[in-house]
Amino acid sequence: MRIDKFISDAGIASRRDSAKAAKTGGITVDGIVVRDVSKHIDPEKSKVVYLGREIVYRKYTYVMLNKPEGYVSATDDKSLPYVTELLPEELRRQELFPVGRLDKDTTGLMILTNNGQLAHALLAPKKHVSKVYYFTAAEPLESGAEERFKNGVTLADGYECKSAILELSSDRLSGEITLTEGKYHQIKRMIASTHNRVTSLERISFAGIPLDTSLSRGEWRYLTKDEIALLEGANKIK
Ligand code: URA
């Protein structure tokens, strides 16, 4: 792999900036200064240091995005804003895609990666990956809703949901729902089954990874090693 590609894939600097840094002696490979970033290295074995900082090679990239309202969970769309538009060019070149979908009007935690195998596995129903949503509703939720959700509500089309945890605020107008499945419009349809309506929805956790609340809507960051381990751990659960 070319040195400038390695550096840009790691999200450290653009290819142009790496070329500049190399000219001033700012890049070493295995301790030797390299001035030509078109040279090839073995990404798994070479030790690349960029302006004094060692770059840890990761085969795949994982980021967390705080999805704003109005964006579709897609990598392209002809007419609507889409989530990967919120990522910088270096990341878009890495062809990240969202792990699962959120509705256009749903906000919050979205994980994007280019590890197709892991993303696909995490969405498999048998993995029961947990997702937590914060919602607000038009009316206070009916009494006994917690028990109904625990026993599995039946949606309008007859689908019987798996057991879900519903925790309500004291006025019963908002709360958190933990799901281990992900059907189309699931939370909205679950709340609708109680003759009520979701007025806002935000995903606040996925596979045990909480939304980083220091990210404003539309902002992103790389997942930490521990967060990636949580994703990998969730994939191991049968
Ligand atoms: N449930 C919904 O209804 N919408 C989402 O975006 C996610 C879960």
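## Around the ligand

A backbone N or O atom of His-185 sits 3.3 Å from an oxygen atom of the ligand, a polar contact, meaning a pair of N or O atoms within 3.5 Å. This is a predicted model, in which local features need pLDDT of at least 70, side-chain atom pairs count only at pLDDT 80 or more, and totals for chains, interfaces and linings use all residues. Residues are numbered from 1 along each chain as its sequence is written, and side-chain values use heavy atoms, with hydrogens and water left out.

- From the side chain of Asp-103, an N or O atom is 2.7 Å from a nitrogen atom of the ligand.
- Of the 240 Å² of accessible area that the ligand has on its own, the protein covers 96% (Shrake-Rupley method, 1.4 Å probe).

**The surrounding shell**
- Residues around the ligand (a heavy atom within 4 Å) include Leu-102, Thr-106, Tyr-133 and Leu-201.
- Helix α6 (residues 186–192) gives the most to this shell, with three residues; a helix here is a DSSP run of H or I, at least four residues.

**Position between domains**
- The ligand lies between domain 2 (62–124 + 208–236) and domain 3 (130–206), because both give residues to the shell; the bounds come from an automatic or database domain assignment.

Terms used:
A polar contact is a pair of N or O atoms within 3.5 Å; within protein, one must be able to donate a hydrogen and the other to accept it, and residues adjacent in sequence count only if both atoms are side-chain atoms. Helices (H or I, at least four residues) and strands (E, at least two) are DSSP runs, numbered from the N terminus.
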